[in-house]
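This briefing is meant to be read slowly, with the sequence and the 3D view side by side. Please locate each residue in the structure as it is named.

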Amino acid sequence: MALLKANGIHKRFQGVVALNGVSFELKPGEIHALLGANGAGKSTLIKIISGYHAPDEGEIRMNGEPIRLHDPKSSHDAGIATIHQEHNLIPHMNVIDNIMLGRWVGRYGVVSDDECRRIAIRAIETVVPGLNLDLLGYQLTPAEGQLVEIARALSENAKVIIMDEPTTSLSPREIERLFNVMRDLKSKGIGIIFVSHWLEEIFAICDRVTVFRDGCYVGTDDIQNLDENTIVRMMVNTDVPELPLVERIPGKEILKVRNLFKQGVLQDISFNLREGEILTLAGLVGAGRTELVRCIFGIDDYDSGEVLMNGDQLPRNDPGAAVKAGIGFVPEDRKGQGLAGNLTVRENFTLSLLDKVAPKGIIKSDMEVEISNKHSEAMKVKAPSIEANIMTLSGGNAQKVVIGRWLAREPRVLILDEPTKGVDIGAKAEIHRLIGDLAESGVAVLLVTSEMPEVLLLSDRVLVMREGRISGELKRSDLSPEKVIRYATAEEVTI
Ligand SMILES: Nc1ncnc2c1ncn2[C@@H]1O[C@H](COP(=O)(O)OP(=O)(O)OP(=O)(O)O)[C@@H](O)[C@H]1O
Ligand SMILES: [Mg+2]
């Protein structure tokens with residue numbers, strides 16, 4: 001019998017159909033992938049299952065029993081736990097307290113703190129052995145935080161664990177560790193709903209796959225019966241075009257970084273970037289790539305060294321000056337830095353353009369509308385209209401708005417930090433094409449990506465970083481995954 005069943009779920013948000021009568025079934029002891037392009041309705045279904053949204057129609061059953069809808073506590077009590085991408089732990093509480101939070105263990109109604117503690121420690125030991133239990137919520141890495149959330153779910157005897165894009169901020173090693181934990185949960189009979197845009201992950205870990213498209217149920221099948229092309233076709237209903245590989249000839253030098261040094265973070269970084277070149281910063285999560293591009297753009301300060309645009313030194317810690325000099329920056333953390341919440345799609349598109357759309361402080365609205373419509377269409381942003389609030393867009397569509405916003409500004413150097421994180425396979429191909437086109441048109445692109453296929457597909461040249469240093473440089477002609485990995489990980493490399 002199914003552990004969890006969602007039947008005939010409908011959900012609209014202000015006239016937008018997010019789910020159109022979908023069904024979903026989870027068995028005990030299976031890892032079930034929920035797939036679909038950006039905006040397909042995956043997160044919406046998950047939020048309905050966990051009680052955060054009320055469906056307009058439909059029911060959720062656990063072990064055959066309907067659960068109360070739109071009531072997080074009922075879902076939780078029925079054994080449903082949701083693990084958050086950026087963990088949701090209380091920043092100033094330690095690991096144990098975070099696990100015990102709001103729980104009352106004890107027989108005959110007696111709360112026993114000691115017993116709580118024992119259960120919490122046992123759960124941690126199974127999931128993250130060796131974790132320092134005195135660490136506070138904010139001191140945990142995203143990977144540790146997720147594992148602590150899983151431990152909490154285990155200690156509460158969760159039967160269903162839901163993970164919505166859990167791997168997006170994890171390094172390959174952390175992903176492997178998460179997968180091992182998932183296999184262990186599965187062997188305990190727990191059912192897992194897993195969302196990821198990376199098909200390699202789906203093939204590595206999942207037993208069954210359900211695909212949604214535009215809020216509709218497309219199908220469910222065992223992973224053995226599926227291959228990559230079939231899944232992609234179920235998701236987007238067309239073939240995803242491949243990016244033609246073009247030989248680019250970079251132009252003159254435009255951005256120069258000289259001896260950049262930041263205590264404990266960046267060690268003597270120097271490189272040049274040419275017009276029409278795609279230069280990729282590769283390396284493991286935590287190698288210092290995000291810090292480097294934040295320093296170049298002026299969001300963070302550095303101790304010594306210089307950044308020059310067209311031979312002119314940029315002032316430190318002054319993003320405004322970087323923008324004036326023609327640099328655009330798409331940050332990694334789109335929630336924190338990339339998107340202005342509570343503004344519309346239109347306003348987000350034109351935010352970086354205020355001097356153009358609002359020359360004397362007066363916003364020219366027809367110009368704003370025209371620019372937003374043009375870029376919204378070019379990027380195939382799925383939103384009810386450009387007047388929709390940005391926070392209501394699905395993760396991947398919001399990312400497209402952040403990128404589109406900088407394109408509207410026509411920068412000469414564009415820095416992109418993990419631009420396809422959380423973006424579906426079709427949109428990923430669109431973003432790749434776009435980056436290629438930008439370079440074609442002479443824009444210098446500085447790309448940070450942890451995705452090897454992306455490194456191989458796009459880069460004219462790769463700088464590999466490790467522990468705040470540039471540990472290797474590879475031209476397109478010498479590029480191979482093995483070389484990148486060795487530079488990113490090994491102490492001594494002789495290639
Ligand atoms: N709170 C909300 N208000 C208005 N519309 C919403 C809200 N939440 C989701 N939507 C809309 O519902 C649709 C489905 O979104 P959902 O977040 O479920 O997609 P998703 O499959 O998780 O996509 P992604 O892969 O990009 O995360 C989208 O069109 C989205 O804009
Ligand atoms: Mg989502």
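Are Phe179 and Phe194 buried or exposed? In this predicted model, Phe179 is buried, and Phe194 is buried as well. The points below begin with the aromatic rings, then turn to charges placed over rings, to one helix and to one lysine.

**Aromatic pairs**

- The model holds three aromatic pairs, counted by the distance between ring centres, which must lie within 6.5 Å.
- In one of them, the ring centres of Phe179 and Phe194 are 6.1 Å apart and the ring planes stand at 75 degrees; because planes over 60 degrees apart count as edge-to-face, this pair is edge-to-face.
- This pair links distant parts of the chain, since Phe179 belongs to helix α6 (residues 172-187) and Phe194 to strand β8 (residues 191-195), with the two residues 15 apart.
- The rings of Phe297 and Trp406 also have their centres 6.1 Å apart, but with their planes at 90 degrees, so this pair too is edge-to-face.
- Here again distant parts of the chain are linked, with Phe297 in helix α9 (residues 289-297) and Trp406 in helix α15 (residues 395-408), 109 residues apart.

**Charges over rings**

- The charged end of Lys428 is placed over the ring of Trp198, at 3.1 Å from the centre of that ring.
- Lys11 lies over the face of Phe13, where the distance to the ring centre is 5.1 Å.

**The buried side of helix α18**

- Which residues of helix α18 (residues 481-489) are buried? They are Val484, Tyr487 and Ala488.
- Around the axis these residues cover an arc of only 100 degrees, which means that they lie on the same side of α18.
- The elements against which the buried residues of α18 pack are β13 (278-283), α17 (452-458), β19 (461-466) and β20 (469-475).

**A buried lysine in a loop**

- Lys421 is located in the loop that runs between β17 (413-417) and α16 (425-440).
- Why does Lys421 count as buried? Its relative accessibility is 17%, and because buried means under 20%, Lys421 falls within that class.
- The side chain of Lys421 also makes a polar contact, at 3.2 Å, with the side chain of Glu332.

Technical notes:
Residues are numbered from 1 along each chain as its sequence is written. Chains are lettered from A and ligands numbered from 1 in the order in which they are written. This is a predicted model: local features need pLDDT of at least 70, side-chain atom pairs count only at pLDDT 80 or more; totals for chains, interfaces and linings use all residues. Side-chain values use heavy atoms; hydrogens and water are left out. Helices (H or I, at least four residues) and strands (E, at least two) are DSSP runs, numbered from the N terminus. Buried means under 20% relative accessible area, exposed over 50%, partly exposed in between (1.4 Å probe, protein chains only). A polar contact is a pair of N or O atoms within 3.5 Å; within protein, one must be able to donate a hydrogen and the other to accept it, and residues adjacent in sequence count only if both atoms are side-chain atoms. The arc is that of the directions from the helix axis to the C-beta atoms. Contact means heavy atoms within 4.5 Å. Rings of Phe, Tyr and Trp (its six-membered ring) pair if their centres lie within 6.5 Å; planes under 30 degrees apart count as stacked, over 60 as edge-to-face and the rest as tilted. A charge sits over a ring if NZ of Lys or CZ of Arg is within 6 Å of the ring centre and within 35 degrees of the ring normal.
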